[in-house]
Amino acid sequence: MTRKKFLAFTFALMLMFVYSGSALAAFTKEDNPIVPIVKNASVAVVNIDVEKVTRRSVSPFPFDDDPFFKHFFGDSFKDFNRSVPMKGRGSGFIVTKDGQILTNNHVVDNVDKITVSVLLKDGSKKTYSAKVLGNDPTYDLAVIKIEPDEDLPVLELGDSDAVEVGEWVVAIGNPFGFEHTITAGVISAKNRSIHTQEVNFDDFLQTDAAINPGNSGGPLLDMNGKVIGINTAIVPYAQGLGFAIPVNKAKEIMNDLVSFGRVKRGWLGVSIRDIDEKIARAYGVKGTEGAMINDVFKGDPADKAGIKRGDVVIEVNGTKIKDANSFVQKVRTLAPDSTAKLVVIRKGKRMTFNIKLGERPDNADGRPETAKRNNAAKSRGESDSLKEFGITRVEEINDSLRRHYKITSSTEGLVVTEVDRNSEVSSEIREGDLILEVNSHEVRTTDDLKNAVSDDEAVVLMIEREGSTFIIVISKPEIKK
């Protein structure tokens with residue numbers, strides 16, 4: 001570089017630093033968009049302290065759980081238990097002027113005492129006792145209520161569907177007891193799924209705004225100061241991975257929570273599964289999109305409308321169904337007594353059903369109650385047509401097999417009576433399972449089975465077990481060379 005070019009370059013750098021310095025000097029806190037958001041929103045964000053009383057053993061006996069000692073001392077060990085208060089913290093935000101507060105269900109579920117701290121405009125705090133108006137474990141949301149002396153400030157609920165990845169967001173909460181902590185970041189992703197023992201959700205907003213224990217139930221705000229999410233979960237071994245429930249989910253269910261204490265959801269009465277290429281080929285479906293009906297619960301709306309096991313749902317009320325999860329999410333949005341228009345593929349044929357929904361039972365877990373049926377089958381015979389797959393013997397059902405395997409259903413099929421315990425299929429198929437279909441063909445006799453099993457390396461089975469049905473794919477073991 002020549003001396004002339006060097007001097008020109010140095011002069012340019014000086015001009016850049018001078019300009020940058022003046023720009024920084026001109027940037028004030030009034031130019032920061034987060035400051036007014038915090039000022040306006042903080043007074044509507046509350047800290048939630050909860051307490052649950054548990055009993056803890058203080059027995060002087062070192063073997064108080066041993067059945068031998070209990071035989072002699074009975075329940076006297078209970079006299080050595082004491083009540084111990086367990087405390088926790090969370091966050092929430094005010095949604096009505098009369099004191100309704102939205103938070104996470106896991107913050108207030110099954111606790112004995114809820115105390116809410118409200119930040120007043122003068123910077124002081126006021127505490128209230130709160131009660132749960134309603135909760136929804138499905139979406140991990142709850143509405144609690146305090147009784148204020150005057151109207152309270154509220155946060156406006158935004159539109160989480162309109163949020164885009166990359167948008168700036170602000171989180172306010174009570175992490176580790178540090179009240180009204182502010183963090184900022186962006187929306188990192190949408191439609192994130194988390195499936196653990198505590199959380200089972202498929203539509204989270206992901207953000208890198210710092211979220212920690214105690215933030216649960218607090219608001220995630222956009223740059224207009226509107227709530228777009230409810231901060232809920234973190235990945236404890238990572239940084240910058242926080243998750244929030246989209247606020248539109250809360251808007252769907254809040255009225256039910258307040259009015260009924262729970263959410264009234266529509267009920268079809270089916271269990272479902274995803275589709276893979278093998279199942280699609282067996283049931284005459286083009287592609288792997290849709291949700292396959294595993295089971296239809298007798299007497300429920302889907303059964304009355306004519307839905308059958310093996311049907312593939314491709315649309316609900318005009319919305320295309322991509323997989324089992326999208327089917328569940330769509331049905332969750334439907335109310336009892338509303339009509340669901342299902343488009344299904346049955347053995348390659350497109351069919352439409354209009355089904356009036358019932359109300360989802362409180363104990364619904366995707367399995368029907370086992371019906372008591374009395375008809376008995378007459379056929380006998382056995383087959384090893386599935387031996388290459390690890391199912392070494394199946395038999396045509398008879399009264400003896402029904403009694404032995406306690407098969408109460410009148411459904412006809414073939415009973416699995418022997419499984420190769422060293423095969424991979426032994427983890428999915430057990431003795432006493434009833435095979436209803438093979439490659440979408442009903443099987444009642446061993447001849448049916450022989451005709452249904454092709455030369456493919458895999459077969460699709462519809463199994464009934466303990467009153468429920470499900471579909472699985474089993475494959476021949478790979479031959480090691």
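Let's start at Thr417. Leaving out residues up to four places away in sequence, Thr417 touches Arg393, Val394, Glu395, Leu401, Tyr405 and Glu431. Keep in mind that this is a predicted model. Thr417 sits in strand E24, which covers residues 414–418. Is Thr417 buried or exposed? Buried: its relative accessible area is 7%, and the cut-off for buried is under 20%.

Now the whole chain. We have 10 helices and 28 strands. Of the 481 residues, 44% count as buried. The chain exposes about 26900 Å², with carbon and sulfur atoms supplying 49% of that area. Take the contacts with a separation of 6 or more: 60% of them join residues 24 or more positions apart.

On to the cores. The largest nonpolar core has 29 residues. Which residues have the most contacts inside it? Phe93, Leu102, Leu141, Leu155, Leu221 and Ile230. Several elements each supply at least two residues of this core, among them helix H2 (34–41), strand E7 (141–145) and strand E12 (227–234). The largest share comes from H5, with 5 residues.

Look at Ile230. Beyond its neighbours within four places in sequence, Ile230 is in contact with Phe93, Leu102 and Leu141, and also with residues including Gly217, Phe243 and Ala250.

There is a second, separate core of 22 residues. It includes Met292, Ile397, Leu401 and Val473. Leu401 brings us back to Thr417, which touches it.

Last stop, helix H8, residues 324–332. Ala324, Phe327, Gln329 and Val331 are buried there. Asp323 caps the N-terminal end of H8. One of its side-chain oxygens lies 3.3 Å from the backbone nitrogen of Asn325.

Note on methods. Residues are numbered from 1 along each chain as its sequence is written. This is a predicted model: local features need pLDDT of at least 70, side-chain atom pairs count only at pLDDT 80 or more; totals for chains, interfaces and linings use all residues. Side-chain values use heavy atoms; hydrogens and water are left out. Helices (H or I, at least four residues) and strands (E, at least two) are DSSP runs, numbered from the N terminus. Buried means under 20% relative accessible area, exposed over 50%, partly exposed in between (1.4 Å probe, protein chains only). Contact means heavy atoms within 4.5 Å. Accessible areas come from the Shrake-Rupley method with a 1.4 Å probe; for residues, only the protein chains shown count as cover. A polar contact is a pair of N or O atoms within 3.5 Å; within protein, one must be able to donate a hydrogen and the other to accept it, and residues adjacent in sequence count only if both atoms are side-chain atoms. A nonpolar core is a set of buried Ala, Val, Leu, Ile, Met, Phe, Trp, Tyr and Cys residues joined through side-chain atoms within 4.5 Å.
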